[in-house]
Amino acid sequence: MSSATEKKYDATDVDGSEGDADASVIDLLRRFHYGEPAAAANTTLPAGAVLPALLNAYRDASAIRYQYPLYLIPPNGTATSALARPAGEYLSESLQELAPDADDARMLKDNLPWIERYLRQALDGSDPVDALELLSKAATAMQKQLDLDAGNREKLDANLARLKDTMAAGGQFLGYGPHVSLHLMLHAIRHRHNRSREQLRQQIDKHIHGLQSLLDVEKAKSADANEPGSVQTSVGSGSRHFDAGALSGMLENRAHGSVEMPAARRLRIERALKELQAWQDYPVLVRFIGQLDAPCFSKLPELALIDSDDPCTTAAEVFARDAADFARLFAALRIAALDIEGNYNPAIHDSWFASFDWQAFSSEEMQLVTRVVALVSADYLAGDGLPSFSHLLGSRLPVHVLSWVRAYDNPAAKSGEGPFDSYRFELANFGIGHRQVVVAQASAARHEDLLSGFLAALDSDRASLHLINRGTQTKTKKPLLDAWFVASAALESRAHPFILVNPDRGDHAAQRISFGGNPQADSDWPVEKLEYRNAAGEVTEMNLAFTFADYALLMPALHEHFRMVPTGFESSDLVAVDQYLNLDDEVVDRAVPFIWAIDDQDVLVRLVVSRALVFACRDRLNYWHSLQELAGIQNFYVEEAIDRIVEEQRAALEAEREQLVKEHEEQLENVRSEAAGEAMGQLVDVLMGADLSGLTAGGSPLATMPAAAPAQTEAPPSEAAAEAAPEVEEDAEEELSFDEPWLDTAMCTTCDDCMGVNKMMFAYNDDKQAIIKDAKAGPFADLVAAAEICPAKCIHPGKPLDPNEPGLDELIARAAPFN
């Protein structure tokens with residue numbers, strides 16, 4: 001819905017002054033929210049032409065390009081080819097392949113959007129039509145519209161002819177309408193059965209020939225084989241060139257075959273041959289069970305319509321009947337294959353074929369059985385039809401159940417109940433609960449999602465459930481939005497989220513579930529930007545969440561759950577629905593939830609939402625969260641496991657850090673002890689008058705001894721020691737100083753925090769661990785700040801290098817815990 005930001009709206013109540021809220025107004029709106037009838041009577045219903053703010057840009061669908069109409073690609077015998085493409089996309093890509101240069105077919109390229117609009121208008125709610133025929137009509141209309149001269153008309157005709165040549169015979173255009181899902185399912189079935197039925201016919205013919213050959217060989221062993229009639233029959237059409245009687249006389253003295261076929265085998269072969277020869281290639285590929293008011297389907301040879309008041313029960317019976325017919329055929333084919341190869345063993349195979357039924361079908365055989373689809377309303381499935389529905393899903397019969405769902409309603413609501421009077425019965429959840437069922441909940445607005453569900457079911461040997469929202473509003477005389485946009489809104493608002501569960505992919509939810517058809521699947525609600533013009537005439541924008549309450553506004557029957565906020569009225573108690581749902585209990589009672597809407601004058605307004613509708617929003621959000629968890633998004637157990645692992649890693653790192661610190665402190669203590677011992681040794685040497693010249697070899701400075709002096713002026717030994725000792729102690733203290741900054745590189749976790757403070761002061765070594773590159777590259781404050789944010793606590797600021805740096809007293813106090 002991002003294109004909603006392309007239009008800017010006038011709104012005088014968005015940035016108005018705060019002022020003192022009128023207590024009586026907010027109190028009245030709050031009482032409406034809580035369901036007080038008097039408050040509902042004294043507040044204003046939304047105008048009939050009001051739309052959710054993010055959908056206002058789509059009032060005129062004629063100027064907007066979307067996925068429909070579709071180009072239905074005719075079956076070509078391959079399972080990997082695309083089944084359908086948006087017509088505009090298909091025509092554009094085909095033309096680009098024909099005329100890759102920018103100036104090639106320029107006129108036709110520029111007018112492809114016009115052709116697409118023509119196709120959409122011509123196909124509005126209709127059934128599929130021949131693509132070549134409709135494209136020719138569109139081309140004629142476009143040429144008339146352009147009023148071209150003879151030269152340009154000739155060029156355009158040539159390019160149009162080339163474009164039509166790219167379209168295979170049998171291709172169709174399909175517009176968006178109430179039966180688009182059935183047309184796409186039928187189209188998918190045609191693709192899947194295109195080659196399989198032809199291959200079946202070839203296999204039957206092959207085995208008929210093989211069995212007939214076995215019987216012919218056996219017949220040749222009999223005494224009647226040399227009769228003129230038999231000879232003539234065996235020679236076939238060439239018998240006119242021979243004297244069958246003379247040839248028979250020549251053969252009558254020859255020995256006949258000595259080993260005849262056992263009678264049981266011959267009878268088995270004859271029965272299998274008869275079954276194969278009796279098989280008829282019925283054109284029916286699918287049977288729709290239920291009530292369908294669409295005359296076009298009754299004219300299709302590949303489709304049979306069976307009326308039923310209990311479609312699930314009838315569908316099971318119809319499948320059982322069809323499967324029994326195919327069981328006799330498949331048994332005959334298997335018997336033929338075994339007998340032709342001489343591998344039939346009565347001890348093994350007789351009992352096997354005696355009980356052969358659909359449960360013994362291979363996957364390839366099951367794909368050949370006529371498809372059975374039960375067309376059932378969601379209300380019936382969740383009500384009186386629930387027992388037969390559940391029994392069918394658990395029966396293992398590969399029957400498909402297709403139901404159209406009103407996303408705003410509760411299919412389990414009893415007569416007299418409103419759609420929000422109880423928690424919604426989620427049919428998808430009910431299907432998932434049967435575990436071994438292919439469940440596809442999709443929007444008809446997304447043909448890829450529809451087809452992915454249909455193909456997953458058709459390629460499986462399981463029962464399937466298809467829950468489809470069409471966006472059509474049969475009780476609304478003139479909807480404000482095209483049905484495609486309403487169906488898209490149901491998907492975006494979490495009213496009818498996409499989910500595909502395919503048990504054939506594995507036993508784990510992560511393998512079974514597809515969730516990618518949902519917009520912003522990681523979020524509670526999709527969020528889009530809305531541009532508008534404030535009271536000062538300035539263009540500004542705000543982020544809006546598209547919630548279930550926004551979707552409900554599209555349904556005129558639900559307008560009673562909304563009331564207008566007076567123009568210019570402001571109150572801090574007015575809270576957007578998405579934010580209201582996250583409020584704490586102590587403040588939620590004062591808040592009044594609302595949504596943004598736009599009327600037919602492009603004025604931005606606020607609509608307060610009833611508590612019943614807020615409950616419905618919370619219910620849909622709860623179901624959305626459960627689907628997210630199934631799909632592995634924001635899964636509580638996954639997040640809990642991640643937190644546990646992170647905590648375990650943190651504890652392990654902390655223990656390792658503490659061990660390293662302990663070892664480091666021990667090393668420092670050893671160094672201190674060794675240095676102190678060495679200093680004391682030097683001090684003793686001084687006191688004892690030892691020769692310290694040996695220190696020169698170690699690079700240490702030599703102590704300077706005073707020159708000889710007269711005895712009366714020579715200082716006593718104790719004074720000399722007193723003068724020398726402080727100098728040695730001062731040197732030792734300098735060697736042991738820890739006032740300079742240092743970094744325990746081994747403890748670094750490469751968190752980049754210190755780099756964010758001063759990249760000139762800190763750097764990484766070859767092991768990607770931090771070191772102090774230049775302590776003078778910044779103030780002491782940077783060292784302290786880096787030490788404070790270091791998660792490993794491995795930065796030790798020491799003491800300031802610049803005694804004139806401002807605020808040192810505070811900085812030294814902050815640095816103390818890290819030194």
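Reply: Let's start with how the angle is worked out: axes are lines fitted to C-alpha atoms, for helices over the stretch in contact, and angles run from 0 to 180 degrees between N-to-C directions. Helices here are DSSP runs of H or I with at least four residues, and strands are E runs of at least two, numbered from the N terminus. Keep in mind that this is a predicted model, where local features need pLDDT of at least 70, side-chain atom pairs count only at pLDDT 80 or more, and totals for chains, interfaces and linings use all residues. Residues are numbered from 1 along each chain as its sequence is written, and side-chain values use heavy atoms, leaving out hydrogens and water.

Now the pair itself. Helix α6 covers residues 131-146 and helix α7 residues 150-165; they pack at an angle of about 165 degrees, and their axes are 11 Å apart. That makes α6 roughly antiparallel to α7 (the word is for angles over 145 degrees). The crossing of α6 past α7 is right-handed, meaning the near helix is turned clockwise from the far one by less than a right angle.

So who touches whom? On the α6 side you'll find L132, L135, S136, A139, M142, Q143 and L146, and they meet R153, L156, D157, L160, L163 and K164 of α7; contact means heavy atoms within 4.5 Å. Sorted by type, the residues in this contact of α6 with α7 are eight nonpolar, two polar and three charged. Nonpolar covers Ala, Val, Leu, Ile, Met, Phe, Trp, Tyr, Cys and Pro, charged covers Asp, Glu, Lys and Arg, and the others, Gly among them, are polar.

Conventions
Parallel < 35°, antiparallel > 145°, perpendicular 65-115°, else oblique.
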